[in-house]
Each structure stands twice: as C-alpha cells, then as structure tokens.
Amino acid sequence: MSNCGGRNYRMPKSIKIGITGLPGSGKTQALKKVVEMLEDEKCSVGGMITEPILDKNRRVGFYVMDWNSKCKAVLAHITVKSKFCVGKYGVDLSSLNDIGVAALKQACKDSDVIVVDEVGKMEVESVEFVEAVKEAMESNKPMILTLHKKSRNPLLQEIRRRDDVRILEVTPINRNLLPYKIIKLMKGEYM
C-alpha cells in the first residue's frame with residue numbers, strides 16, 4: 001500500500017508501468033494525465049519529464065524538467081553542438097544530469113510515485129541517468145516510465161524483461177483511455 005495524502009491508497013508498492021509507442025504517439029501526454037490524476041488523489045509524484053521545444057509549431061528540441069520544482073533546461077536542440085547526437089538534435093548531457101538525474105534521486109527519497117519520461121536514445125547516453133533509473137527500478141515505490149519503442153539499448157531491454165514491469169502501448173485509438181487503465185493498474189484493480 002502507498003500512503004498518498006495521508007490515507008491508504010490501494011497501490012501495490014512495487015508496481016512499475018512502462019508506456020511505449022512510436023514518437024509523437026502521446027506517451028508524454030498519457031503520463032502527464034496519469035500524474036494529474038494521482039495528484040488529484042493527493043499522491044506526491046516526482047521525477048523527470050521531457051517537453052518539446054517548438055518554433056513556429058516545428059519541434060526543434062526538448063527540455064528536461066524536474067516535475068516537482070518545474071526547473072527545466074535544454075536537453076537537446078538542433079543548435080546544440082555535442083558529441084552526442086540523436087537525429088538532428090545535439091544532446092546536452094549536463095542538463096540531463098543536473099535536472100533529470102537529480103529529480104529521479106529526489107523522487108526516490110521523497111515521492112509516493114516516481115516518473116521517468118523518457119528512457120530513450122538521448123537519455124541512455126548518460127551513465128548517471130542509466131544508474132539513476134536502475135536505482136529507481138529497485139526502489140519499493142510505484143513507477144511509471146515512458147520507453148522508446150524500438151531501441152535495443154541494454155537498459156531498455158533490461159526494463160522490458162523485468163517481471164515487475166507492465167508494458168502498455170499508447171496508440172491513437174487508446175490514447176485517451178490509457179491513463180484510466182494505468183490508474184486502475186496502480187490501484188490493483190487489474191492484474
């Protein structure tokens with residue numbers, strides 16, 4: 001059981017839910033809706049979220065944001081010069097480590113539920129991020145992660161193989177209903 005908002009919330013402590021789907025399928029939106037619903041139930045949620053950086057409705061990069069503090073920094077951008085590039089984006093691993101990794105470590109200590117958006121091609125370039133995700137996965141707290149669908153990275157493979165992780169795919173058809181299913185899973189109403 002988790003103690004959200006000072007009352008018992010029927011949430012199996014160690015449940016881990018991975019949300020996967022193609023780029024642009026709505027993984028982050030589904031995760032944010034679940035977080036909103038959990039916070040409405042007085043659960044404290046912590047961790048990191050990535051958000052697109054738009055210029056004239058065109059994606060030009062991504063922010064990494066600490067969910068609790070709302071501090072954010074540029075994780076990747078078409079103008080960032082870096083030895084780590086994913087597609088057209090240069091990746092700033094220091095932003096990920098300073099904001100994202102710190103947010104995950106703080107969530108492991110202080111939050112009822114840990115969120116990680118996203119375990120993807122950019123993020124797994126950071127050794128600190130990989131270690132922070134592994135530590136969070138071993139915690140006794142519920143966790144929701146968004147996962148890159150096609151990556152063969154060892155961390156993603158390890159997460160997918162775990163017995164305590166339930167992987168759900170977001171599609172245009174289930175995008176609006178998936179957050180409700182996730183909440184039911186987290187409450188132990190589905191198994």
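How do the residues of the lining of the largest pocket divide into nonpolar, polar and charged? Point 2 takes this up.

1. Basis. This is a predicted model, in which local features need pLDDT of at least 70 and side-chain atom pairs count only at pLDDT 80 or more, while totals for chains, interfaces and linings use all residues. Residues are numbered from 1 along each chain as its sequence is written, and side-chain values use heavy atoms, with hydrogens and water left out.

2. Largest pocket. The lining divides into 8 nonpolar, 10 polar and 10 charged residues. Here Ala, Val, Leu, Ile, Met, Phe, Trp, Tyr, Cys and Pro count as nonpolar, Asp, Glu, Lys and Arg as charged, and the others, Gly among them, as polar. The space in this pocket is about 610 Å³. A pocket is an open set of points on a 1 Å grid over the protein atoms alone, where a 1.4 Å probe fits, with protein on both sides within 12 Å along at least five of seven lines; lining residues have an atom within 4 Å of a point. Grid points are joined across faces, edges and corners, and the volume is the space filled by probe spheres set on the points.

3. Pocket lining. There are 28 lining residues, and P23, G24, R59, F62 and E118 are the closest to the centre of the pocket. Two or more residues each come from α1, β4 (45-55), β5 (58-66) and β9 (113-119). Helix α1 gives the most, with 4 residues. Helices (H or I, at least four residues) and strands (E, at least two) are DSSP runs, numbered from the N terminus.

4. E118 has its place in strand β9, and the peptide bond from D117 to E118 is cis, with omega near 20°. K56, in the loop between β4 and β5, has phi near 55°, a positive value in a residue other than glycine. Most residues other than glycine have a negative phi, and most peptide bonds are trans.

5. α1 with α5. Helix α1 (residues 27-40) packs against helix α5 (residues 178-186) at an angle of about 50°, with the axes 9 Å apart. Axes are lines fitted to C-alpha atoms, for helices over the stretch in contact, and angles run from 0 to 180 degrees between N-to-C directions. The angle makes α1 oblique to α5; under 35 degrees counts as roughly parallel, over 145 as roughly antiparallel, 65 to 115 as roughly perpendicular and the rest as oblique. A30, K33, V34, M37 and L38 of α1 make the contact with P179, Y180, I182, I183 and M186 of α5, where contact means heavy atoms within 4.5 Å. These residues divide into 9 nonpolar, no polar and 1 charged.

6. α2 with α3. The axes of α2 and α3 are 10 Å apart at an angle of about 15°, which makes α2 roughly parallel to α3. Their crossing is left-handed. In α2, L96, N97, V101, L104 and C108 meet E128, F129, A132, V133 and A136 in α3. The contact holds 8 nonpolar, 1 polar and 1 charged residues.

7. α3 with α4. Helix α3 (residues 127-138) and helix α4 (residues 154-161) have axes that come within 11 Å and cross at roughly 10°, so α3 is roughly parallel to α4. V130, V133, K134 and M137 of α3 make the contact with L155, E158 and I159 of α4. The division is 5 nonpolar, no polar and 2 charged.

8. D110. This residue lies in helix α2 (residues 93-110). Leaving aside neighbours within four places in sequence, D110 is in contact with S44 and K141. The C-alpha atoms of D110 and V80, 30 residues apart along the chain, are separated by 33 Å.

Notes:
Left-handed = near helix turned anticlockwise from the far one by under 90°.
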